[in-house]
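Please brief me on this structure. Cover how its parts meet, both inside one chain and between chains.

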Protein chains: 2
Amino acid sequence: MENFTFKNTTDIRFGKDRLETELQAAIAQFGPKVLVTYGGGSIKKSGLYERVIQALAGLDVTELSGIEPNPKIASVRAGQKLVKDNDIDVILAVGGGSVIDASKVIASAKFYDGDPWDLVLDSKKRFAIDQLPVVDILTLAATGTEMNTGSVISNPETKQKLGTGGPNTPSVSFLDPSLTFSVSKWQTAAGSIDIFSHLTEQYFDQKGYENDVRNGLIEGIMRTVIKWAPVALREPDNYDARANLMWASTMALNGLPRTGNVNSWSVHPIEHELSAYYDITHGVGLGILTPHWLDFIYSADTKPYFVSLGRNVWDLAGDDDAVATQTIAKTREWLASLEVPTTLPGVGIETDQDFEAMAKSAVQVNHLDHNAFVKMTVADVRNLLEASMK
Amino acid sequence: MENFTFKNTTDIRFGKDRLETELQAAIAQFGPKVLVTYGGGSIKKSGLYERVIQALAGLDVTELSGIEPNPKIASVRAGQKLVKDNDIDVILAVGGGSVIDASKVIASAKFYDGDPWDLVLDSKKRFAIDQLPVVDILTLAATGTEMNTGSVISNPETKQKLGTGGPNTPSVSFLDPSLTFSVSKWQTAAGSIDIFSHLTEQYFDQKGYENDVRNGLIEGIMRTVIKWAPVALREPDNYDARANLMWASTMALNGLPRTGNVNSWSVHPIEHELSAYYDITHGVGLGILTPHWLDFIYSADTKPYFVSLGRNVWDLAGDDDAVATQTIAKTREWLASLEVPTTLPGVGIETDQDFEAMAKSAVQVNHLDHNAFVKMTVADVRNLLEASMK
């Protein structure tokens, strides 16, 4: 097993009916000046906005609204101005992965005088400066940002969608499953696929596989998502379904599933190209690409991974070859059952005109040609994108 | 799923060859005056003591040696005097669960002027005072103390062995599997059983079972221990076996496997009575009691837990009744395969003269009659002890 370091200080407040009694103190411990960040109007429609503002009574509240899915650097720039102008003490992010991701970079940008896109391009700059504490109220089970240091920020001008890491995870994360009852079928499916993809990206690792605690954890979270995503689609108000998906999202990307890992991810950087060029829903893009990627990495060398997944996640029995093949088929079948498109034309990508540029960028950004689980050349990525056309 | 709070700030440094480059800074961040605590002479024989002292060069080192298995309050009292007299900044615990457990209470006792047994009897007193940071170098995979707030301290005068919680987990834990190559077969088996018992105590919970991420995590760690304990017994220098057991020990009791739980534990408080009266090895005692406890809790109501364990941990197939019954048989078989005694006479307990007093105390200490997974009366505990005689 490889050496690893693990430290994650996020204070998780999981469950319902906690904001009224706990939010004020969770914020006030960092000071009175809070920037509340959110997306479109959905938190106003649902009544969450009112609950939050009431819970913050007596504190000095500034607001940044309109943070979009696939959050744009423009929102971060606007937030940077607000945290500097108002000498903000703490950010309260209310929303899904996009709002929290943007808030983490805004939290660093308070201490940076240049354009915050510099911080996205070079994460090292963020480790050299301070970062405001971020408290969040999660409204979508998907990215895992509620318990990690990462963000993904898009720059439409440069057609880039890039991951960036900061020094700190959120200080406090309120995870109330009932806040996700109103999440649409589309976003529920996309979020579940995002969680599942985080798990496959980490499961397939040339060294991490020696860590059986990690294997068991990943397999257990996979079983959770496979079981509960269809339930949440059928019964959006099913608390246990929403709760299991939410805790799965958090646990899938808080550092534990990659203890002992050495490889960089493959599917996410390719999907980031699709979202950067076409602004498609991240999770749906991952679902389209994943089965083709599994086909690509399958070989005699990698068969043991597929066999373990088949037996421990998909409850398959029989000889190894059959189990391995069925594992890919089962994955494809489950993804298709979630009622979101399974091809690129299904999300409006009708032409391969940008595939070469996308493939080059994906390989370069994540070193796919030398640090992926199974190395990928530009041609390999292009082929994977072509295969995803049908 | 029940609401829960989870926060664990321990900085885990997992793997080999890290002390020389990382220990000095890990200690010095808290100040120059360090109390090094350890047990008998084994860390001197193995060369670990020398490595530690060299890594601490330039710091102001005080030592407390002789902390015994089932650590006694006398060691804590001696430690309290040392941390006060030398105005210690940080404790470095080098050893297994006993050394680390005692060190956590010593860390609180610096800020308490009375007898530290008061702090064990009433954990609330510890939350009202400060606690020195504890850094540890773990030499035995067993108790999980390296990533939690708990300690178990014995008082031979009062025949009590009690759990106590403090405000903080260890600040930094160095988990080097190669330091456990020299652990005896007896202690390797006892440690593995301790890990396994932590998992069963948490798995059987009337509410926690709704959390499938938790279920998957526990089942995965169980599979890890079941697979690797026999390997470590056969090949004490097998790094992957020692590494998997060590990370299993840490993950089995760091708060994650009890997210959403409501019941108090059953087997541990009963075993604590055995150790308090007869000073037997904790893990061996747990292994003797556990199969009888599984027999006791098995019913139509609890069958689903046994079926899940059978399918997800023991790879059993067939109808539910057969799987559930086989789960208990498989557990008994695995425990017996570890080559430690499976009856109370096997550890020198030949008489039931103290069973009534032990049963009364266990029920009272852990509220077994109203908060256990399956409630236990004094008579139930007595029967369980009697059943463990053969």
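The briefing below starts with the ground rules, then takes the two interfaces in turn.

This is a predicted model, in which local features need pLDDT of at least 70 and side-chain atom pairs count only at pLDDT 80 or more, while totals for chains, interfaces and linings use all residues. Residues are numbered from 1 along each chain as its sequence is written, chains are lettered from A and ligands numbered from 1 in the order in which they are written, and side-chain values use heavy atoms, with hydrogens and water left out.

**Domains of chain A**

- Chain A is assigned domain 1 (11-179) and domain 2 (185-387). Such bounds come from an automatic or database domain assignment.
- The C-alpha centres of the two domains lie 26 Å apart.
- UniProt, in an unreviewed entry, places "domain: Alcohol dehydrogenase iron-type/glycerol dehydrogenase GldA" at residues 10-177 of chain A. UniProt annotations may be inferred rather than shown by experiment.

**Where domain 1 meets domain 2 in chain A**

- In chain A, 24 residues of domain 1 are in contact (heavy atoms within 4.5 Å) with 25 residues of domain 2.
- The two domains of chain A bury about 2000 Å² between them, 64% of it on carbon and sulfur atoms. Buried area is the accessible area (1.4 Å probe) that two parts lose on being put together, summed over both.
- On the domain 1 side, A:Lys159, A:Lys161 and A:Pro177 lose the most area, together 27% of what that side buries.
- Two salt bridges cross this domain interface. A salt bridge is a side-chain nitrogen of Lys or Arg within 4 Å of a carboxyl oxygen of Asp or Glu.
- A:Asp279 and A:Lys72 form a salt bridge through their side chains (3.9 Å, N to O).

**Where chain B meets chain A**

- Here 41 residues of chain B are in contact with 41 residues of chain A.
- The area buried between the chains is about 3300 Å², and carbon and sulfur atoms give 54% of it.
- B:Met1, B:Val213 and B:Trp247 supply 20% of the area that chain B buries against chain A, more than any other three residues.
- Four salt bridges are counted between chain B and chain A. The side chains of A:Arg223 and B:Glu219 meet in a salt bridge at 2.8 Å, N to O.
- The side of chain B that touches chain A has 16 nonpolar, 13 polar and twelve charged residues. Ala, Val, Leu, Ile, Met, Phe, Trp, Tyr, Cys and Pro count as nonpolar, Asp, Glu, Lys and Arg as charged, and the others, Gly among them, as polar.
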